[in-house]
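Subject: Structure for your review

Dear colleague,

Please find the sequence and the structure below.

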Amino acid sequence: MLEVLRLSKKSLFNRKVTTGLTVFTIALSVVLLLGVERARHGTKASFESTVSQVDLIIGARSGPINLLLYSVFHLGDATNNVSYESYKKFSEHKDVKWSIPISLGDSHKGYRVVGTNENYFKHYRFAGSQELTFSSGQMFSGLFDVVLGADAAKNLNYNIGDKITLSHGTSRAVFQDHKDRPFRVVGILDKTGTPVDSSVHVSLEAIEALHIDWKSGAPPRPGEETSEHELLEMNLQPHTVTAFFVRLKSKIGIFRLQREVNEFEEEAMSAILPGVSLQQLWRTLGMAEQALRVVSFFVFVVSLVSMLLALLTTLNERRREMSILRSVGARPSFIFSLMIFESGLLAFLGILFGILSLYVALLIAQPFLEQNLGLTVGLFAFTSLDGLYTSMVFVGALLMGVLPAWGAYKRSLSDGLTVRL
């Protein structure tokens, strides 16, 4: 065995370029195979950690995925709103521990405005049990106070005390600004890696104050606006909310309350379980996952074929080497074992180099992925699936070594010693 290892090392070293390219192609396949899995698990974990400790999400009747997307991820728009009376009824339900109202529909330079109340900062959890914390300032207390997510504040270069103007609608190309109702930045949240980072938070009363003069979706005429002084003296209880998150006192009551909401006769509403809806979302995105795996698999196949071609190409160059080994007493089985061992060694080096390259790349890219994409990728969590993939690469490389090994085995002693003109 030691003799095989010694000869293999010398042989591979003499073919440095070919060996290096073969190891590189195997390493590339390993990086892609394991990298796709890291990205898939990281994306899934980031989605699942966006909102934690929420038992039900309640909104206007629609599909569960749509309700999940617009309420949690701020993607798309609600089919309708929920009356504030219905929100109060279920938030004060005997089984409900706390609730967080969400009011959407406005934006600021492409960032979603989220109308909510103090429960948002008190009860919102992400990544398990992490709370929202402030990098500077505090939560809103005045009518026209605003709290910015980390990305919104950083990208727009806002600081505490800056004045901003919100816009009607969620498109970047909005034409109706609430210029008569400027807000003051009073707080900036720490980075969370969730949609909270790209959100602009105001109170529910502020949302109501912004639209109190609007009729049929149109702003008031000049001179007909309600003054700020009048607004401060008014009862600005909102009429509707977009959705609300609910935490129950006991898990036992989840399905009972869900059925009660879905069968609510006074208003058409839906209650969804975030975890179940996320699973439905992942099933919907399953084709994209499979496409990534197919691409990785073909890279893996190409790397093995490249290895086979490299071994077959060098086999003819090594005719004399094999014949000399035979002449000094090496049996054909030894030559066969030597070729198989070289294939395994190439695979081992490729796998090792691929894993090291992947971890170095993840170590460098992790801060960027977390800050810009909110993607948390596990570095050193080598899973059973990773082990399966690397085993596939290793076994595949050994199988690719059988053909050139068999060719070397069948050649006669005189084959490499004959001078061909």
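In what follows, helix axes are lines fitted to C-alpha atoms over the stretch in contact, and angles run from 0 to 180 degrees between N-to-C directions. Please note that this is a predicted model.

Helix packing

The axes of helix α2 (residues 16-48) and helix α14 (residues 384-400) come within 10 Å, crossing at roughly 160°. Since angles over 145 degrees count as roughly antiparallel, α2 and α14 are therefore roughly antiparallel to each other. The crossing in which α2 passes α14 is right-handed. On the α2 side, the contact is formed by Ile26, Val30, Leu33, Leu34, Glu37, Arg38 and Arg40, and α14 supplies Leu385, Asp386, Tyr389, Thr390 and Val393. By residue class, this contact of α2 with α14 comprises seven nonpolar, one polar and four charged residues.

Nonpolar cores

The largest nonpolar core has 28 residues, of which Ile57, Leu68, Tyr120, Tyr124, Leu132 and Phe245 touch the most other members. Two or more residues of this core come from each of α3 (64-72), β3 (96-102), α5 (118-123), β12 (183-189), β15 (243-248) and α10 (274-284). With four residues, α3 provides the largest share of this core.

Leaving aside residues up to four places away in sequence, Phe245 touches Val51, Val54, Leu56, Ile57, Ser71, Val72, Trp98, Ser99, Ile100, Ile102 and Tyr124. There is also a second, separate core of 21 residues, with Leu166, Phe183, Val185 and Ala206 among them.

Yours sincerely

Key
Residues numbered from 1 in each chain as written. Predicted model: local features only at pLDDT ≥ 70, side-chain atom pairs only at ≥ 80, totals over all residues. Heavy atoms only, no water. Core = buried A, V, L, I, M, F, W, Y, C linked by side-chain atoms within 4.5 Å. Buried < 20%, exposed > 50% of the residue type's maximum accessible area, 1.4 Å probe, protein only. Contact = heavy atoms within 4.5 Å. Parallel < 35°, antiparallel > 145°, perpendicular 65-115°, else oblique. Left-handed = near helix turned anticlockwise from the far one by under 90°. Nonpolar A, V, L, I, M, F, W, Y, C, P; charged D, E, K, R; others polar.
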